Amino acid sequence: MSFDRAAIEEEVRHWFFDVYFNHWVEVGAGIRKEGPEFILQYWGTPMFVTATEPMISGWMMEGQQIVDFLSMQHEALVAGGYSHTEIPEQKIFVYNPNGASIEVIWSRQAADNTEIQRWVVHFECVRVDGVWKVVGIQSSKTEKAMDKNSIDAAWRQGA
């Protein structure tokens, strides 16, 4: 079966960075007055998550678990004065018309551009019934001095 890989990549890029990412940042920064439940538009169940801080590895089988996971992230960011996220590097890989992955470095920052958190994240994304959803997240804390804005270097930090 042949498919237009470039068209799928652009579709995923638009959905993830123009729609999902902007929505996430606007809620996290308090620009949009929505509760964390908005995330269920973008993150599907079940969803497998790994992270280094806090150390997490497991399935989130219900929407409420996903909402709680996002709430935990937003609470830490609000406490740090979060206002926006810079993206030093991003990669998209299209597997087929209904599957893709996205890797990114999130530099989550306060209004004065002070970095609050820095993560390297791998998102597994699938399209079901015409709708893209994240179904897996692998993440690790990183540091600019170590990763030098490189996803590959960020993943090697933990080695």
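This is a predicted model: local features need pLDDT of at least 70, side-chain atom pairs count only at pLDDT 80 or more; totals for chains, interfaces and linings use all residues.
Just after helix α2, residue G81 adopts a positive phi of about 80 degrees. Good morning.

How far apart are the end C-alpha atoms of α2? They are separated by 24 Å. This agrees with expectation, because 17 residues at 1.5 Å a residue should span 24 Å. The buried residues of α2 are I66, V67, F69, L70, S71, Q73, H74 and L77. In general, residues three or four places apart on an α-helix point the same way, because the helix has 3.6 residues a turn.

I turn now to the largest pocket, whose volume is about 320 Å³. Its lining comprises 23 residues, of which F69, Q73, R108, Q117 and W119 are the closest to the centre. Two or more lining residues come from each of α1 (5-28), β1 (43-52), α2 (63-79), β5 (99-110), β6 (115-128) and β7 (131-141). By class, 16 of the lining residues are nonpolar, four are polar and three are charged.

My last topic is T52, which belongs to strand β1. Although T52 and S139 are 87 residues apart in sequence, their C-alpha atoms are 6.8 Å apart in space. With K141, the side chain of T52 reaches the backbone nitrogen at 3.0 Å. Thank you for your attention.

Technical notes: Residues are numbered from 1 along each chain as its sequence is written. Side-chain values use heavy atoms; hydrogens and water are left out. On a 1 Å grid over the protein atoms alone, a cavity is a set of points where a 1.4 Å probe fits but cannot get out, and a pocket is an open set with protein on both sides within 12 Å along at least five of seven lines; lining residues have an atom within 4 Å of a point. Grid points are joined across faces, edges and corners, and a volume is the space filled by probe spheres set on the points. Helices (H or I, at least four residues) and strands (E, at least two) are DSSP runs, numbered from the N terminus. Ala, Val, Leu, Ile, Met, Phe, Trp, Tyr, Cys and Pro count as nonpolar, Asp, Glu, Lys and Arg as charged, and the others, Gly among them, as polar. The expected span of a helix is 1.5 Å times one less than its number of residues. Buried means under 20% relative accessible area, exposed over 50%, partly exposed in between (1.4 Å probe, protein chains only). A polar contact is a pair of N or O atoms within 3.5 Å; within protein, one must be able to donate a hydrogen and the other to accept it, and residues adjacent in sequence count only if both atoms are side-chain atoms.
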